[in-house]
Amino acid sequence: MNFLFAHQNFPGQYLHAVRYLAQTGHNVVFLTQENRQRLDRVRKIVYRPAPPQAGGHPYLGDLEGGVRNALAVAAACEGLRREGFRPDLMIGHNGWGETLYLKEVWPEVPLLGYFEFYYHPRGSDVGCDPEFPSGPDDGLRLRMRNAINLLGLEAADWGQTPTEWQYRQYPERYRPQISVIHEGVDTGRLHPDPTAQIWLVGGVSLSREDEVITYSARNLEPYRGFHTLMRALPRVLRERPRAHVVIIGGDGVSYGRPPNRLPSWREQMLSELAGEIDLDRVHFVGHLPYDQYVCVLQISALHIYMTYPFVLSWSLIESLSAGCLVLGSATPPVQEVIRDGENGYLVPFPDSDALARRIRDILADPAAHARLRAAARDTVIRKYELNAICLPAYLALLRRLSGARRPL
């Protein structure tokens with residue numbers, strides 16, 4: 001069968017599905033913006049949206065960017081159609097407008113949209129952090145930010161989203177045509193390993209024998225609780241003199257506002273806490289190759305996962321699969337996965353004092369939490385396992401939408 005995927009950051013949420021379809025003999029074409037990622041047997045076509053034009057109302061920035069993406073994707077699809085290519089199913093992330101015009105090229109072909117997040121001025125990410133209160137125009141701005149969401153919901157024949165909480169953010173009238181299917185985690189690759197060890201710049205070696213606190217995010221920013229963790233560290237390092245902290249993540253901004261004084265939130269928090277943190281025990285390792293990232297999770301004595309009420313990170317599910325003891329924020333996306341005292345711990349967010357106290361108390365008796373590590377991994381095996389649960393459910397959805405007569 002012919003499958004057409006669209007996502008500006010190849011392969012995005014589609015890594016496992018695209019790899020499976022290509023390896024099992026299906027013809028997979030993937031439309032994306034320029035990056036260096038490649039997958040065997042997948043035809044990757046780069047689309048280049050037109051540059052933004054000066055002027056226009058600030059509320060329309062996301063919508064105009066989405067239209068530019070949609071036009072570039074439609075042009076690439078016209079080229080594919082001239083070659084004689086016709087997909088049996090079109091699949092794309094709705095967030096950046098790429099799916100908006102696909103059915104203008106192939107109106108008869110079903111379209112599955114990935115619906116990641118629907119914005120709300122209250123009860124979600126905006127205004128949840130007292131340090132960054134919502135402004136008087138946030139409701140107006142977010143209503144326009146949902147324009148692409150709503151256009152995409154109307155364009156798609158069906159939708160998919162990864163968690164129940166993200167599903168519930170969408171207007172109720174659209175939910176009957178959205179399936180909740182997580183991308184899944186390969187528990188065979190992400191598993192506990194008591195022999196794991198990492199070596200850091202400067203010659204520091206860490207293993208499960210050490211007291212290692214871990215944290216991971218795509219970028220170090222308030223949306224993922226980086227500021228809360230950093231403000232907890234002076235007390236943690238004082239009260240746990242053997243502790244090391246390994247922080248994974250880049251200096252960009254994936255979500256929310258940039259820092260107001262320095263180029264990155266890492267630099268801004270280090271400036272705020274100058275002289276209060278022992279930088280010989282706090283290790284910023286940036287982005288890591290995947291195998292090294294897994295090793296960091298495997299040596300973790302306590303993994304911190306903080307987030308606004310927002311999109312749930314893969315890193316939470318990955319850390320549970322690796323057998324981490326997780327201390328997470330008591331926010332709805334995390335509470336869908338972690339039950340306090342059963343398969344991890346929760347702490348009020350964004351309370352750095354409460355976080356510091358909970359870290360201290362948990363690390364004071366690590367043996368007492370072994371059952372939570374086992375329960376954490378069991379949660380992933382039962383609900384988020386890639387090959388047994390998530391990928392089969394996703395392939396069944398693709399089969400139904402494409403009308404395939406046999407399993408994919």
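A nonpolar core is a set of buried Ala, Val, Leu, Ile, Met, Phe, Trp, Tyr and Cys residues joined through side-chain atoms within 4.5 Å. Keep in mind as you look that this is a predicted model.

With that idea in hand, begin with the largest nonpolar core, which has 45 residues. The residues with the most contacts inside this core are Ile247, Ile304, Leu327, Leu355 and Ile359. Which elements give two or more residues to this core? On the strand side they are S10 (211-219), S11 (243-250), S13 (302-305) and S15 (345-347), and on the helix side H7 (226-239), H8 and H12 (352-363). Helix H7 gives the most, with seven residues.

Now for the rings. How many aromatic pairs does a search of the whole structure find? The search finds 20. One of them joins Phe10 and Phe30: their ring centres are 4.7 Å apart and their planes stand at 90°, so this pair is edge-to-face, the term for planes over 60 degrees apart. Phe10 lies in the loop between strand S1 (2-6) and helix H1 (15-23), while Phe30 belongs to strand S2 (residues 27-32), so the pair links distant parts of the chain, 20 residues apart. Both Phe10 and Phe30 are buried.

Phe132 and Trp265 make another edge-to-face pair, with 5.8 Å from centre to centre and 85° between the planes. Here too distant parts of the chain are linked, as the two residues are 133 residues apart. Phe132 is found in the loop between strand S5 (111-114) and helix H4 (138-145), and Trp265 in helix H8 (residues 265-272). Are these two residues buried or exposed? Phe132 has a relative accessible area of 14%, so Phe132 is buried, the cut-off being under 20%. Trp265, at 4% relative accessibility, counts as buried too.

Rings can also gather in groups. Phe117, Tyr119, Trp165, Tyr223, Tyr255, Tyr308, Phe310 and Phe349 are linked by ring pairs into a cluster.

Finally, look for charges above rings. The charged end of Arg266 sits over the ring of Phe284, 5.9 Å from its centre. Likewise, the charged end of Arg400 sits over the ring of Trp158, 4.5 Å from the ring's centre.

Key: Residues are numbered from 1 along each chain as its sequence is written. This is a predicted model: local features need pLDDT of at least 70, side-chain atom pairs count only at pLDDT 80 or more; totals for chains, interfaces and linings use all residues. Side-chain values use heavy atoms; hydrogens and water are left out. Rings of Phe, Tyr and Trp (its six-membered ring) pair if their centres lie within 6.5 Å; planes under 30 degrees apart count as stacked, over 60 as edge-to-face and the rest as tilted. Helices (H or I, at least four residues) and strands (E, at least two) are DSSP runs, numbered from the N terminus. Buried means under 20% relative accessible area, exposed over 50%, partly exposed in between (1.4 Å probe, protein chains only). A charge sits over a ring if NZ of Lys or CZ of Arg is within 6 Å of the ring centre and within 35 degrees of the ring normal.
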